[in-house]
Amino acid sequence: MIQFRIDEARCTQCGECAVDCPAGVISMADYPTITNEEGCYRCQHCLAVCPTGAVSILGRAPEASIQLTGNLPDPAGLELLIKGRRSIRRYRDEDVSPALIDELLNIACYAPTGVNAEAVLFTVVKQRAVMNVLREEVMAQLVTLKDAGKLPAGFVAQYIGFAVKAWQEEGKDIIFRGAPHLLITSAPKDAPCPAQDTLIALTTFQLLAHARGVGTVWDGMFMMALALLPDLAARLGIPENHLVGYAMAFGEPAVEYHRTVQRGPARVNVVR
Ligand SMILES: Cc1cc2nc3c(=O)[nH]c(=O)nc-3n(C[C@H](O)[C@H](O)[C@H](O)COP(=O)(O)O)c2cc1C
């Protein structure tokens, strides 16, 4: 079932795969063997940790993995990526190439998931023509709610009311910030960690997108709209049994930032 295979010509019997297995389902006889297939997390640590590329699992050959030694990004570049990322609220009126969107999603799905569930669903608006239809639909429904006095009191009425007013009076889109694309992550409610997995996936996507010149903004306004419009999740094709983690608008930025902001120091509570 999990297709755990050892290339005995390459295996040095070092036992690293058995020691590193988080589920403890590999034991060393002469060569590593799986003691309990059902207990395997499918995390592929055994494949990744083997110094000689002797382990394959789940039909994945070690040769198809990227070599890590000497290939990791330099920490200063990563620091700049984290510090230099800004929420983008001005977008060019063009599509991000579908191939790049696919590439970003196929890397973002490497983000960790609780118990390695790997169950995050990426619901994506890939074309700005579709996004424009969605924008019109959502705004029209919010206008109807507001005009009927049905926005719940408090900050929702305040924020959504403000967005509806900007749309009606200036044609300005505060909900999606005029972005040509939208990404929503969801996961089955009965997965071990759906709330966490979906946010980690989006965070990973965001940094990666930024590294490739694609701008993003976390979309809390859309999340409010989603809560207000009961048919919207189904309209987007999100399964009923899914927890929606969050949404992120993205696209080619129409703004350039020339320096980082300055934050910190971090609030730290050292346990003694
Ligand atoms: C959970 C979350 C929800 C957000 N929702 C929105 C939103 O609906 N609209 C928006 O323009 N920005 C939104 N933002 C962006 C924040 O306002 C932004 O991250 C913050 O002001 C810091 O700016 P920076 O992202 O450029 O560092 C959201 C950010 C987070 C983390």
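The legends below describe close-up views of a predicted model.

**View 1. Helices α5 and α6 pack against each other.** Helix α5 spans residues 128-147 and helix α6 spans residues 155-170. Their axes lie 10 Å apart and meet at an angle of about 115°. The crossing of the pair is left-handed. From α5, the residues in contact are M139, L142, V143 and K146, while α6 contributes I160, G161, V164, W167 and Q168. Sorted by class, this contact of α5 with α6 holds 6 nonpolar, 2 polar and 1 charged residues.

**View 2. The largest nonpolar core has 40 residues.** The members that touch the most others are I175, L182, L183, F205 and M248. Elements that each supply at least two residues include α4 (98-108), β5 (121-125), α7 (194-211) and α8 (220-228). Strand β8 gives the most, with 6 residues. A second, separate core has 12 residues, among them I6, C17, C46 and I57.

**View 3. L183 and its contacts.** Leaving aside residues up to four places away in sequence, L183 touches F122, V124, F205, A247, M248 and F250. L183 also stands opposite M248 in β8.

**View 4. Strand β8 pairs with β6 and with β7.** Strand β8 covers residues 242-251, and 9 of its 10 residues are buried. With β6 (181-188), β8 forms 8 bridges in the antiparallel sense. Strand β7, residues 215-218, is also antiparallel to β8, over 4 bridges. T216 has F250 of β8 as its bridge partner.

Technical notes:
Residues are numbered from 1 along each chain as its sequence is written. This is a predicted model: local features need pLDDT of at least 70, side-chain atom pairs count only at pLDDT 80 or more; totals for chains, interfaces and linings use all residues. Axes are lines fitted to C-alpha atoms, for helices over the stretch in contact, and angles run from 0 to 180 degrees between N-to-C directions. A crossing is left-handed if the near helix is turned anticlockwise from the far one by less than a right angle, and right-handed if clockwise. Two residues are in contact if their C-beta atoms, placed from the backbone, lie within 7 Å. Ala, Val, Leu, Ile, Met, Phe, Trp, Tyr, Cys and Pro count as nonpolar, Asp, Glu, Lys and Arg as charged, and the others, Gly among them, as polar. A nonpolar core is a set of buried Ala, Val, Leu, Ile, Met, Phe, Trp, Tyr and Cys residues joined through C-beta atoms within 7 Å. A residue is buried if 20 or more other C-beta atoms lie within 10 Å of its own, exposed if 12 or fewer, and partly exposed in between; C-beta atoms are placed from the backbone. Two strands pair if DSSP finds at least two bridges between them.
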